[in-house]
Amino acid sequence: MSQPDGKSTKPKFYLTTPIYYANSRPHVGSAYTTIVCDVIARYKRMCGYDVAFVTGTDEHGVNIERAAEAKSITPQQLVDQNEKIFRELWKLLGITNRIDDAGEGFVRTTSPEHARAVQTLVRRTMQRSPNAIFKRKYEGRYCIYDNAYVSDTPEPINCPTCGRPAELISEENYFFRLSAYKDRLLDLYKANPKFVQPDFRMNEVRSFVEGDLRDISISRKSIKWGIPWPGDPEHVFYVWYDALTSYMTAIGYGEGDDGEANPQFRKYWTADDAYVMHMIGKEIIRFHAVYWPAFLMAAELPLPKQIFAHGWLLFEQEKMSKSKGNVAYPEPIVKAFDEVTGAKVGNDALRYYLLRETVFGQDGNFSREALITRYNADLANGLGNLASRVLTMIEKYHGGVIAEPGRVVDFGPKFTETYQKTINSYDRLNFSGAVGEILANVAATDSYLTGTKPWAPTVEESQVAAERATILYRAAETVRFLTVLAHPVIPDGTQKIWEQLGQTGELADFRIDQLKWGELKPGTKIGKPEAVFPRVDKKQLSERIEAMENEIRNPGTSTSAGAGAGSAGPSTSLGTGAQNAPATAPATAKIGIEDFAKVELRVGVVKSAERIQGADKLLKLLVDIGDEVRQVLAGIALAYTPEELIGRKVVIVANLAPRKMRGLESNGMLLAASVGPDGKPVLCTFAEDIAPGAKVK
Ligand code: MSP
């Protein structure tokens with residue numbers, strides 16, 4: 001990414017996240033892409049760019065239709081519910097998705113503006129490239145979960161991405177003649193070798209296009225939930241044609257006959273100096289780096305300048321994904337950090353961890369433990385501690401005023417290097433490099449203070465005051481300098497340190513590209529030194545996050561399905577605790593028999609069952625387990641009526657710690673299979689007559 005040239009007209013930068021499927025709530029994996037984009041957007045604004053930063057929700061398609069059906073609501077109701085959750089999360093995470101001169105940057109594919117944009121784009125394409133779109137019979141296998149064609153022949157096959165059986169599709173469709181764009185795509189990659197980043201992804205894309213590039217179907221007859229084809233409403237648009245177009249809808253495409261009437265669209269997309277960048281996860285690269293440029297070529301519209309495909313956030317070695325049931329959610333992390341510290345640090349903690357821990361572009365692991373460790377080591381004991389150490393000494397020795405250094409301060413050259421390294425890292429989207437450089441300087445400044453001892457400088461008595469002033473000036477200026485550099489990644493904490501240093505205004509408005517060493521003004525009155533990143537107790541915080549995550553997964557209080565009433569969380573393989581895990585849940589690590597023996601499973605007989613007001617998925621059961629009758633809350637109300645459960649033999653996890661839901665105690669958990677994409681619960685039972693209380697082992 002290049003720097004602005006300093007002219008008065010700001011250079012433009014249009015950045016998009018993928019639009020997220022609105023069939024379920026976001027998890028840390030989906031938040032990752034958005035957080036990364038937010039760091040870039042903040043950084044570019046600090047470099048003087050006019051930034052349009054847009055995210056949104058992908059609201060059409062068969063998986064939305066089915067998810068809604070399972071909940072007995074309409075697709076529109078489902079996406080309305082989930083879209084709100086996305087928006088609220090982005091607010092909670094301080095995401096700056098806005099178009100700098102025109103408000104919020106959020107696009108929904110069910111909006112009327114978007115339908116108009118998609119229809120306009122296809123009409124324009126048919127006018128300008130009459131051979132690009134044609135009708136043909138399609139027979140093949142399609143994965144409804146990944147919205148991808150898996151095979152162009154009707155033989156059964158599993159989706160290579162998610163492993164689930166792909167569905168047979170046989171119908172007449174509109175096709176896009178992708179094969180005709182092969183040479184132009186290869187020319188594009190040749191002329192712009194950075195079109196796809198990182199480089200190894202560019203190579204993958206090139207090889208794919210060099211192979212057998214097939215025409216692709218871009219409409220559906222079998223699906224109702226989509227944008228109707230103009231003049232042929234029996235067809236709706238294929239979700240990817242629909243979704244990709246949202247990048248243009250978001251900035252006003254679709255107005256006027258050719259769609260280009262909106263000035264904002266012209267400014268950010270078609271102007272000569274427009275720079276469009278799509279940030280995506282690696283699994284959706286083909287849609288962005290092959291289909292999308294070809295669609296745009298056929299419509300005679302400018303192409304994005306760069307597609308960056310990042311790696312996955314893994315959880316227990318698997319891609320974090322709701323359909324696999326191995327997810328962590330951002331809200332509990334942020335809220336628990338804030339609650340436990342009594343300070344607004346959760347956002348910074350999550351952002352810092354995600355960007356520091358993973359080499360951007362490659363896969364990375366997510367672990368709650370590592371997140372908390374990083375926070376304590378780098379933010380609490382690192383930057384936060386350095387700031388409060390320096391500020392406290394300024395208060396103590398200089399009455400809370402930045403003192404004139406006693407002699408020439410010569411940190412400049414060192415910081416020119418730090419500055420260059422950090423900025424170069426940001427420009428190359430090497431976030432762990434940028435943050436690593438900043439943290440290395442925090443550590444160096446700590447050692448500098450320890451070595452120079454501003455509380456008792458080892459100089460002649462007459463020089464002590466001047467030496468102390470010099471040391472503290474250097475240290476304070478270093479903190480100011482590093483605070484500016486770290487701002488795009490940790491916006492909340494750096495703003496607080498900025499203010500404590502007596503600096504005014506929003507750090508976000510500071511020009512990072514004009515940052516210079518030595519501009520901290522002597523005489524500045526500092527604010528009250530306060531711990532910006534209070535240390536946390538790992539166990540306490542971890543338990544709090546887990547409890548809050550449970551609230552999200554709890555079937556009685558959230559949108560997810562399942563029967564579990566225990567606190568085991570989603571990674572257990574013991575039946576209904578794995579509420580979101582379908583039958584194809586990934587195999588977890590092997591356990592020893594002694595681990596299994598810790599779980600007390602007993603036969604129970606349901607004595608009574610009733611619905612719980614206000615919790616449409618929960619049933620309250622009394623279960624006889626031989627020596628006692630337990631009250632168990634189970635999220636099975638959508639699959640079983642209370643009546644059919646009376647007398648039923650079930651398997652209960654008898655030694656789970658009791659927990660409260662909806663104010664009622666649940667004392668145990670029923671085992672159930674989790675079936676189909678929506679995890680429909682099917683209770684485990686016995687064919688033989690068996691007394692309640694018998695051990696299951
Ligand atoms: N709706 C499509 C995108 C259409 S864009 C025109 C889609 N949606 S998604 O919700 O499945 O994924 C959105 C983004 O979240 C993708 O970039 C994906 O890579 C990212 N992530 C989802 N899970 C992730 C991880 N576990 N790790 C990192 N990113 C992940 O695809």
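**A first walk through the model**

Mentor: Let's start with His114, which counts as buried because its relative accessibility is 0%; buried means under 20% relative accessible area, exposed over 50%, and partly exposed in between, using a 1.4 Å probe and protein chains only.

Trainee: Before we go on, where do these values come from?

Mentor: This is a predicted model, where local features need pLDDT of at least 70, side-chain atom pairs count only at pLDDT 80 or more, and totals for chains, interfaces and linings use all residues. Residues are numbered from 1 along each chain as its sequence is written, and side-chain values use heavy atoms, with hydrogens and water left out.

Trainee: OK, which helix does His114 lie in?

Mentor: His114 is in helix 4, residues 112-128. Helices (H or I, at least four residues) and strands (E, at least two) are DSSP runs, numbered from the N terminus.

Trainee: And what does the side chain of His114 make a polar contact with?

Mentor: With the side chain of Thr249, at 2.7 Å. A polar contact is a pair of N or O atoms within 3.5 Å; within protein, one must be able to donate a hydrogen and the other to accept it, and residues adjacent in sequence count only if both atoms are side-chain atoms. Not counting residues up to four places away in sequence, His114 also touches others, including Asp242, Thr245 and Ser246; contact means heavy atoms within 4.5 Å.

Trainee: Switching to the ligand: how many residues surround it?

Mentor: There are 24, and the closest are Ile19, Asp58, Gly281, Glu283 and Leu313. A residue is near a molecule or strand if one of its heavy atoms lies within 4 Å of it.

Trainee: Which parts of the fold supply at least two residues of that shell each?

Mentor: Strand 2 (20-21), helix 1 (28-46), helix 7 (239-249) and strand 15 (276-281) do. Helix 7 gives the largest share, 4 residues.

Trainee: How far is the backbone of Ile19, Gly281 or Leu313 from a ligand atom?

Mentor: For Ile19, a backbone N or O atom is 2.8 Å from a nitrogen atom of the ligand. Gly281 has a backbone N or O atom 2.8 Å from a ligand oxygen atom, and for Leu313 the distance is 2.7 Å, to a ligand nitrogen atom. Taken alone the ligand exposes 650 Å², and the protein buries 94% of that; the areas come from the Shrake-Rupley method with a 1.4 Å probe, and for residues only the protein chains shown count as cover.

Trainee: Now helix 6. Which of its residues are buried?

Mentor: Arg201, Met202, Val205 and Val209. They cover an arc of only 105 degrees around the axis, which puts them on the same side of helix 6; the arc is that of the directions from the helix axis to the C-beta atoms.

Trainee: Why would residues a few places apart point the same way?

Mentor: An α-helix has 3.6 residues a turn, so residues three or four places apart point the same way.

Trainee: What do the buried residues of helix 6 pack against?

Mentor: Helix 5 (182-191), strand 10 (196-197), helix 9 (285-298) and strand 16 (306-310). In the loop between strand 10 and helix 6 you'll find Pro198, and a cis peptide bond joins Gln197 to Pro198, with omega about -10 degrees.

Trainee: How about helix 11, how much of it is buried?

Mentor: 10 of its 12 residues are buried, so helix 11 is largely enclosed by the rest of the structure. One of its residues is Ala349, which counts as buried because its relative accessibility is 2%. Leaving aside neighbours within four places in sequence, Ala349 is in contact with Phe337, Leu371, Tyr375 and Leu379.

Trainee: Which loop holds Ser72, and is Ser72 buried or exposed?

Mentor: Ser72 sits in the loop between helix 2 (62-70) and helix 3 (75-92), and counts as exposed at 65% relative accessibility. Its phi is positive, about 55 degrees, although Ser72 is not a glycine.

Trainee: Where is Glu300, and what is its phi?

Mentor: Glu300 is in the loop between helix 9 and strand 16, with a positive phi near 55 degrees in a residue other than glycine. At 47% relative accessibility, Glu300 counts as partly exposed.
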